[in-house]
Amino acid sequence: MRKVIKAGAAALVLLIQMSSCVRSQTPIDRKASNETRNLYKHLFRMQDQYILLGHQDDLAYGVGWKYIQGKSDIHSLTGQYPAVYGWDIGHLELDSARNLDGVPFAKMKEYIKEGYRRGGIITLSWHLNNPLNLQSAWDTTAGSVAAILPGRSKHAVYTKWLDKVAGFMQSLKGDSGEPIPILFRPFHELSGNWFWWCKNAAGTEDFKALWRFTVDYLKNKKNIHQLLYVYNTAGFATADEYRERYPGDDYADVLSFDRYQYNKADKEAYIKDVSTKLSLIQQLGKEKKKLTALAETGYEAIPDEKWWTATLWPAIQNTGISYVLLWRNHGYMATQNKMHYYAPFKGQLSANDFVQFCALPSVMLGNQLSAQKIYRK
Ligand code: BMA
């Protein structure tokens, strides 16, 4: 009898462990679409083996070109598209035909569909204007977040904006009419001091309340079930600081932060900072059963021939992150009289090194990813 009870108890423990393990690889949205669930599961499967390479606005423009069908700076060097395509929906809330960087939303939708059809992953950020005064995302008027919470003066402005976001998500469909899964990264760089949702302008509890309201509204009120939510900070010193504004395990699927290299002297600090912080969020990710990522990075205009293999790679290798995303290739920026791009192109100083980096067995671009069939079971 004792033996039977013991065996029964052991089986129960195993069952609980198994079910918590299964649950851990399920998106926070219990009604997540099949493709979204599959994507999440496959990202866990590939987690320790591959780092996917992403690029912002990859298909829309690059250095010296705009809106040329099939063109991509990354493809021009490697013969492959990136594995992850980043886009920003800033100004969608204003009913603008173009996003804050001039990309027409109509084109963006087509590029998103194209990337998905190819088996790539789509991530969206949102540089939304300040709903309090309609100034830009960089307007840091204190109290903006508090003003849009339920029951507050600008709440209706914000929910109208979320309705537009929901409409945009609903329009993103695959060939069989299935919703395209999106890694949604709202209120990014939340530990910084440059956006209205950042630390200096918004209280911790208000911020968490806004995040939770946003997720609940999209999920429960608008029935959007194709999103994986990406929690994203800028700099932070400790795990406690990273977690300070974390909305809770039921409100995020991916843990991430952004870090750029700023100048030549920053090289060693960048490597140390990125690798230490990635290990730290990876540790948290293991505990919380969440994926991790370096959601934005790069070295503007890449003035370092070996940046890819001698800086980025040492910083991210063996960290267990799912993806790294390079910011956009704007090209010449007249307002600041400088070049603004983060991925190389033919003839760029670091082009050869980038090709070598992309050939590393653990770095994955679009072709290899499409073979993984991440949207299937
Ligand atoms: C910044 C720059 C800006 C751009 C913004 C949002 O890092 O690239 O030019 O407007 O991101 O995409």
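The exercises below work through a predicted model, each with a solution in steps.

Residues are numbered from 1 along each chain as its sequence is written, and side-chain values use heavy atoms, with hydrogens and water left out. Because this is a predicted model, local features need pLDDT of at least 70 and side-chain atom pairs count only at pLDDT 80 or more, while totals for chains, interfaces and linings use all residues.

**Exercise 1. The whole protein**

Task: Find how many helices and strands the protein has, and state how its radius of gyration stands against the globule rule.

Solution: Begin with the secondary structure, where helices (H or I, at least four residues) and strands (E, at least two) are DSSP runs numbered from the N terminus. The protein has 12 helices and 13 strands. The radius of gyration is 21 Å, close to the 21 Å that the globule rule gives for 377 residues, so the protein is as compact as a globular protein of that length; here the radius is taken over C-alpha atoms, and the rule is 2.2 Å times the number of residues to the power 0.38. Next, along the principal axes, the C-alpha trace spans about 80 × 55 × 45 Å.

For burial, a residue is buried under 20% relative accessible area, exposed over 50%, and partly exposed in between (1.4 Å probe, protein chains only). By this rule 56% of the 377 residues count as buried. Finally, take contacts, which mean heavy atoms within 4.5 Å: among those between residues at least 6 apart in sequence, 73% join residues at least 24 apart.

**Exercise 2. Aromatic pairs**

Task: State how many aromatic pairs the structure holds, and describe the geometry of the pairs Phe187 with Trp196 and Trp313 with Phe357.

Solution: Rings of Phe, Tyr and Trp (its six-membered ring) pair if their centres lie within 6.5 Å, and planes under 30 degrees apart count as stacked, over 60 as edge-to-face and the rest as tilted. The structure holds 30 such pairs. In one of them, Phe187 and Trp196, the ring centres are 6.2 Å apart and the planes stand at 75°, so the pair is edge-to-face. Both Phe187 and Trp196 are buried. For Trp313 and Phe357 the centres are 6.1 Å apart and the planes lie at 70°, so this pair is edge-to-face. Trp313 belongs to helix α10 (residues 307-316) and Phe357 to helix α11 (residues 351-358), so the pair ties together parts that are 44 residues apart in sequence. As for accessibility, Trp313 is buried with a relative accessible area of 14%, and Phe357 counts as buried at 1%.

**Exercise 3. The surroundings of helix α10**

Task: Explain why α10 is described as largely enclosed, and name what its buried residues pack against.

Solution: Count the burial along the helix: 7 of the 10 residues of α10 are buried, so α10 is largely enclosed by the rest of the structure. The buried residues are Trp307, Trp308, Thr311, Leu312, Trp313, Ala315 and Ile316. Then follow their packing, which is against β1 (51-56), α9 (267-288), β9 (291-297), β10 (323-326), α11 and β13 (363-364). After the helix comes Asn318, whose phi is positive, near 55°. Ser322 sits in the loop between α10 and β10 and counts as buried at 3% relative accessibility. Leaving aside neighbours within four places in sequence, Ser322 is in contact with Leu43, Tyr50, Ile51, Leu52, Leu291 and Thr292.
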